[in-house]
Every structure is written in C-alpha cells, then in structure tokens.
Amino acid sequence: DIPAYNKYELTKETKDALKTAQFDVWAWEPNEMLALLEVMYYELGLVDDLDIHPSTLKRFLLRVQENYRNNPFHNFRHSFCVTQMMYVLIFTCNLLDKFSKRDLCVLLTACICHDLDHPGFNNTYQINARTELAVRYNDMSPLENHHCAVSFTILSSPECNIFANLSKEQFKEVRGDMIVLILATDMARHGEILESFKQKLENFDYSCRDHLNSLKMILIKACDISNECRPLMVSEGWVECLMEEYFHQSDKEKRDAL
C-alpha cells in the first residue's frame with residue numbers, strides 16, 4: 001500500500017541542483033516533486049535520526065499534496081518552492097552545524113505544510129467576509145491557524161505521522177515549534193517578528209532556544225517570499241500566478257460589496 005512515486009530515480013546532478021536557488025521549480029510534475037521532497041529528508045539524515053518509517057514519509061507527503069487546493073499561487077508547487085529554498089539555506093548557511101536534526105525536520109516540515117488547504121482568499125478577505133475561518137479563530141491569523149490545524153490533522157493519522165517515534169515530550173515540542181513557524185508566515189506580523197530578531201542579532205546565542213526560534217521564524221518567512229531570489233525565468237511565472245489569485249479575490253470582494 002506504499003505510494004508508487006518511488007519509481008523516480010533522481011540523478012546526482014538533480015540532487016546537486018536541488019541545493020541551489022537556480023533550481024527550476026516549474027520543470028517537475030507533482031509526483032516528481034513528491035520524490036524530491038522525500039530525497040530532502042534522506043539527504044539531511046532526518047529519516048535515520050528521527051526513525052521515520054519510509055512508507056510513513058511517503059504517505060505523509062502524499063496526504064499533504066492532496067490537501068493543497070488548485071489555486072493559481074497558494075498551491076502544492078508553492079509549498080514545494082518554499083521548502084526547496086529552505087533546503088538551499090540549510091546547506092548554503094551551514095545550518096546543519098547550527099540546528100539539531102529535529103529542528104531541521106521541523107523547518108522542512110513546516111515549509112511543506114505552511115499553506116495547507118489555502119482557499120485562495122487572504123486573511124483580509126476572511127475577516128471582512130466574516131468567513132467560518134475568521135469566526136473560528138477570532139480574526140487572529142485565520143488562515144495560518146487553519147494551516148496548522150490541517151497539518152496536525154494529517155499527522156494525527158498513525159500511517160502519516162512522521163514524528164511517531166518521538167517521545168510524548170519531544171512531539172509536544174515539535175508541535176509547538178511547527179505552530180510558531182506556520183503562524184509566523186502571516187505578513188501582518190512581519191514588523192513584530194523582524195524587530196524581535198534585530199534585537200537579538202548583536203548578541204545572538206545559538207544555545208538559546210528563544211534566539212533559535214526567532215531565527216527559524218525569519219528563515220521560513222524568507223523562504224515564503226523568496227521568489228525574487230530566483231532566476232527571472234523561474235520567478236516571473238509566480239508573479240502572474242499571484243496577480244491572478246489577487247484579481248480573483250478582488251472580483252469576489254466587489255461582488256460581495258466588501
């Protein structure tokens with residue numbers, strides 16, 4: 001019952017290119033992107049270190065893909081794009097020497113999950129339209145809270161729980177860290193998060209949990225808006241996707257008199 005996308009054999013050239021910002025994220029089909037994400041967990045040593053069962057990892061990734069909607073921008077390819085940039089930063093910034101394997105797994109997994117079940121309408125729309133999500137989360141980062149909830153709904157299934165072999169206390173910490181990271185992608189909190197990080201920079205301490213969490217929030221935020229760091233042939237397509245999604249929202253706002 002293991003998903004069949006393991007048929008893709010990735011060359012050394014592809015694995016090397018995956019670690020660069022020049023990687024063409026448009027050149028891959030969804031099943032291939034699943035295989036590429038799987039490779040990241042293996043290349044970083046996360047499967048062995050966190051004792052992740054190979055079939056559980058496959059099922060988790062497949063379930064995540066299934067829970068991304070077919071939006072112009074906030075879709076599974078965007079999730080892959082953000083995750084791939086985090087993978088780039090882990091290698092280019094020597095984060096392997098700074099973070100534990102568990103922290104690296106949290107960073108990667110939070111990127112994969114950070115926009116799960118995004119409806120294609122931003123928080124401003126959710127709040128103004130008084131949607132079910134806005135009501136449920138009291139207008140406080142409704143989308144990001146929803147992404148977290150969907151993430152842990154997937155992880156609550158034993159066949160998809162890549163953290164199953166952690167202790168209860170370790171899982172509690174992983175859950176807390178993932179929630180912090182996904183909630184940090186709400187751009188309404190940009191100034192607050194950036195200012196907090198700046199205050200820590202002069203005496204940054206890698207042994208301090210609070211400092212590390214602040215850095216991790218900056219990392220996922222940077223990856224979330226990293227298209228501009230890519231070659232024009234890669235980044236340009238994302239601009240068109242974003243504009244299409246925003247125009248779709250503005251048309252709906254006009255129809256709904258918002």
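**Cysteines and helix H2**

Cysteine 148 is buried, its relative accessible area being 6%. The model is a predicted one, and it contains 0 disulfides. The points below set out the cysteine distances and then describe helix H2.

Cysteines
- The cysteine sulfur closest to that of cysteine 148 belongs to cysteine 113 and lies 9.1 Å away, which is too far for a bond.
- A disulfide requires two cysteine sulfur atoms within 2.5 Å.
- Cysteine 81 is also buried, because its relative accessibility is 2%.
- For the sulfur of cysteine 81, the closest cysteine sulfur is in cysteine 223, at 9.5 Å, and this too is too far for a bond.

Helix H2: length and end
- Helix H2 covers residues 30-43, which makes 14 residues.
- Just after H2, glycine 45 adopts a positive phi of about 75 degrees.

Helix H2: surroundings
- Helix H2 is largely enclosed by the rest of the structure, because 10 of its 14 residues are buried.
- The buried residues of H2 are Glu32, Met33, Leu34, Ala35, Leu36, Leu37, Glu38, Val39, Met40 and Tyr41.
- These buried residues pack against helix H1 (12-17), helix H3 (46-49), helix H4 (54-66), helix H5 (76-92) and helix H6 (101-113).

Conventions
Residues numbered from 1 in each chain as written. Predicted model: local features only at pLDDT ≥ 70, side-chain atom pairs only at ≥ 80, totals over all residues. Heavy atoms only, no water. Buried < 20%, exposed > 50% of the residue type's maximum accessible area, 1.4 Å probe, protein only. Helix = DSSP H or I, 4+ residues; strand = E, 2+ residues; numbered from the N terminus. Expected span 1.5 Å × (residues − 1). Contact = heavy atoms within 4.5 Å.
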